[in-house]
Amino acid sequence: MSSAASFYDFKPLDKRGQELPLTNYRGMVVLVVNTASKCGFTGQYAGLEKLYQSLAAKHPDDFVILGFPCNQFGSQEPGSNDDTQTFCQVNYGVTFPILQKIDVNGDKAAPVYEWLKSEKPGLLGLKRIKWNFEKFLVGRDGKVVNRWASTTTPESLEKEIVAEINKKAE
């Protein structure tokens, strides 16, 4: 298990396979989502992009969404990283960062996801991700504020995200 103290301690790989220090987002509110291109929830890309555009317009330096493609649920993200990037851009006009494909559960789970799950277990204290499009909200301090199931729509999160954005950084 990671000894990380905050979200900013991780360096997942970006779409090009380069380390992306999450310190780049220090002081921002971050919505982290495990995504998939061939899932019943894939349409949430549209809601995520709308939410991102709306909040980025009002709070340009305070909010970002990070998408982490994952093929662990029904093999619903089967393509390459380039395929995923193209799909997101062409079908949903996604402008928020979509990173490299990762595992979110199991022995090969990405360290950032191991940390997110330990910080904010799901229903009944379960730490595993149940399906695509689970969401974690990380506050400006790098701590997990909330976690939502796949069935929670991006649009329904706006009020809570704005409240978190309006909190002053410590």
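User: What should I know about the model and the numbering?

Analyst: This is a predicted model, in which local features need pLDDT of at least 70 and side-chain atom pairs count only at pLDDT 80 or more, while totals for chains, interfaces and linings use all residues. Residues are numbered from 1 along each chain as its sequence is written, and side-chain values use heavy atoms, with hydrogens and water left out.

User: Which secondary structure does the protein have, and in what pattern?

Analyst: The protein has four helices and four strands, arranged along the sequence as β-α-β-α-α-β-β-α. The radius of gyration is 15 Å, close to the 15 Å from the globule rule for 170 residues, so the protein is as compact as a globular protein of that length. Helices (H or I, at least four residues) and strands (E, at least two) are DSSP runs numbered from the N terminus; the radius of gyration is taken over C-alpha atoms, and the globule rule is 2.2 Å times the number of residues to the power 0.38.

User: How much of the protein is buried?

Analyst: Of its 170 residues, 49% count as buried, where buried means under 20% relative accessible area, exposed over 50%, and partly exposed in between (1.4 Å probe, protein chains only).

User: Where is C39, and what does UniProt say of it?

Analyst: C39 is in the loop between β1 (29-35) and α1 (44-58). An unreviewed UniProt entry annotates C39 as "active site"; UniProt positions follow the numbering used here, feature names are shortened, and annotations may be inferred rather than shown by experiment.

User: Is C39 buried or exposed, and what does C39 touch?

Analyst: C39 is buried, at a relative accessible area of 9%. Not counting residues up to four places away in sequence, C39 touches Q76, W131 and N132; contact means heavy atoms within 4.5 Å.

User: Turning to S150, where does that residue sit?

Analyst: S150 belongs to the loop between β4 (144-148) and α4 (158-165) and is buried, with a relative accessible area of 6%. Leaving out residues up to four places away in sequence, its contacts are F41, Q44, W131, N132, F133, E134 and K135.

User: How far is N146 from T42?

Analyst: Their C-alpha atoms are separated by 21 Å, with N146 and T42 lying 104 residues apart along the chain.
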